[in-house]
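This briefing gathers computed features of one chain, grouped by topic, for reading alongside the sequence and the coordinates.

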Amino acid sequence: MNNKCKVTVAVISYNPVWEKLRNTLKSIVWQKNVDFEIVVADDGSEHDSFDKVEQYLKEKKITNYRLVKNPINQGIVKNVLSAVNVAQGKYIKLISPGDFLYDENTLHEFVDFAEKNPAAAYFSNLFYYSINDSGKILCYDNKKNPYDIRPWIQKDICKIRKNYLFYGDYICGASVIYNSKLLAKYLSEISKVAVWAEDMVLIYMIANQEIVLYMNVPGGIWYEYGIGISTKKSSVWGKRLHEDSKNIFHLIENKKLLPIWFYKAFFSECKAERYFLKFVHIPWFYIKNFLLRLKVRGYSFISYDVSNLERIIK
């Protein structure tokens, strides 16, 4: 992969609502003081809006972009991989229609942090929002991922691995920026076993002791809450994500990156075996898991300016 720019912003799309896609592009094209390209990857949509994308970018005098059209729907993982395979940035930021870069300095801040702190991946602050039926913007200050940010601030690798792999205190994929070469490497492997959960590539990275860092820089990502597959209340998507998780952990088990009992403790078909192995190896699992999700920990209040969001949407 030849890096011809500092960062690729890859918009991952399937049957997008044009207004959301346009607004996401708006948040990208206003970026300042950073060398970036745009890739829009579509997963076999009937209406990909590529004609509107090209017209919009032409109006904004953006020439460094590529459109990737997958002929059939293959799932999010392979759609992301199709974007990663053409990306020319040293770093890559994945984003979905309806999610936005916080302000015009966001990419510059991300890249500046990454250049000073080499790692496989980084995650930023996330500002959860939704828009109600009357058009009012709602912000959710109590929504945070991971729930416990303290190990990340303290760079406590042992506790990070334990919270992430054992207790599932995950980073929200919308907040992540990756080293492009490493994302290509790991994603190509999980694409053989997973279909939908592209952000579970972080599980594999962390299990393999790659460095993942928290970027506590101003701004971050405006994240449309309740729209993504991980925040939808859907039994169908729940089953799909569980199957992806099961397959990814099986891949990790085969590479001997976790204890031999781990996979059965979480994915054995026998419920009694799952309970028994957790009791033996992680005796406080259920209490710890409950307490972890009871409230967020370690976050100081991060001020944000909702006018930035209004400027994008309106």
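Predicted model: local features only at pLDDT ≥ 70, side-chain atom pairs only at ≥ 80, totals over all residues.

Helices and strands are taken here as DSSP runs, a helix being a run of H or I of at least four residues and a strand a run of E of at least two, and both are numbered from the N terminus. In that scheme lysine 52 belongs to helix α2, which covers residues 50-59.

- Helix α3, spanning residues 76-84, is largely enclosed by the rest of the structure, because seven of its nine residues are buried.
- The buried residues of α3 are Val77, Asn79, Val80, Leu81, Ser82, Ala83 and Val84.

**The packing of α3 with α7**

- The axes of α3 and α7 lie 10 Å apart and the two helices pack at an angle of about 145°, while the crossing in which α3 passes α7 is left-handed.
- On the α3 side the contact is made by Val77, Val80, Leu81 and Val84, which meet Ser180, Leu183, Ala184, Leu187, Ser188 and Ile190 of α7.
- By class, the residues of this contact between α3 and α7 comprise eight nonpolar and two polar residues, with no charged residue.

**The cavity and the cis peptide bond**

- The structure contains one cavity of 30 Å³ or more, and the volume of the largest cavity is about 70 Å³.
- Thirteen residues line the largest cavity, and those closest to its centre are Ser124, Asn125, Leu126, Asn145 and Tyr299.
- The lining of the largest cavity is made up of eight nonpolar, three polar and two charged residues.
- Asparagine 145, one of the residues closest to the cavity centre, is joined to proline 146 by a cis peptide bond whose omega is about 0°.
- Proline 146 itself is placed in the loop that runs between β8 (137-139) and α5 (150-154).

**Residues with positive phi**

- Asparagine 33 has a phi near 60°, which is a positive value in a residue other than glycine, and its place is in the loop between α1 (18-29) and β2.
- With a relative accessibility of 64%, asparagine 33 counts as exposed, because the cut-off for that class is over 50%.
- Lysine 256 likewise has a phi near 60°, again positive in a residue other than glycine, and is found in the loop between α9 (235-254) and α10.
- The relative accessible area of lysine 256 is 72%, so this residue is exposed.

**Buried residues and their contacts**

- Cysteine 5 is found in strand β1 and, with a relative accessible area of 6%, is buried.
- Leaving aside residues up to four places away in sequence, cysteine 5 touches Asp35, Phe36, Glu37, Gln88, Gly89 and Lys90.
- Between cysteine 5 and asparagine 117, which are 112 residues apart along the chain, the C-alpha atoms are separated by 18 Å.
- Asparagine 308 lies in helix α13, residues 306-313, and its relative accessibility of 10% is under the 20% cut-off, so asparagine 308 counts as buried.
- The residues that asparagine 308 touches, not counting those up to four places away in sequence, are Trp30, Tyr102, Asp103 and Trp222.

- Glutamate 269 lies in the loop between α10 (262-267) and α11 (271-281), and at 69% relative accessibility glutamate 269 counts as exposed.
- Glutamate 269 touches Lys246 and Arg274, when residues up to four places away in sequence are not counted.
- Although 31 residues separate lysine 52 from leucine 21 in sequence, the two are 9.7 Å apart in space, C-alpha to C-alpha.

Terms used: Residues numbered from 1 in each chain as written. Heavy atoms only, no water. Buried < 20%, exposed > 50% of the residue type's maximum accessible area, 1.4 Å probe, protein only. 1 Å grid on protein atoms, 1.4 Å probe; cavity = no way out; pocket = protein on both sides within 12 Å on 5 of 7 lines; lining within 4 Å. Points joined across faces, edges and corners; volume = space filled by probe spheres on them. Nonpolar A, V, L, I, M, F, W, Y, C, P; charged D, E, K, R; others polar. Axes fitted to C-alpha atoms, helices over the stretch in contact; angles between N-to-C directions. Left-handed = near helix turned anticlockwise from the far one by under 90°. Contact = heavy atoms within 4.5 Å.
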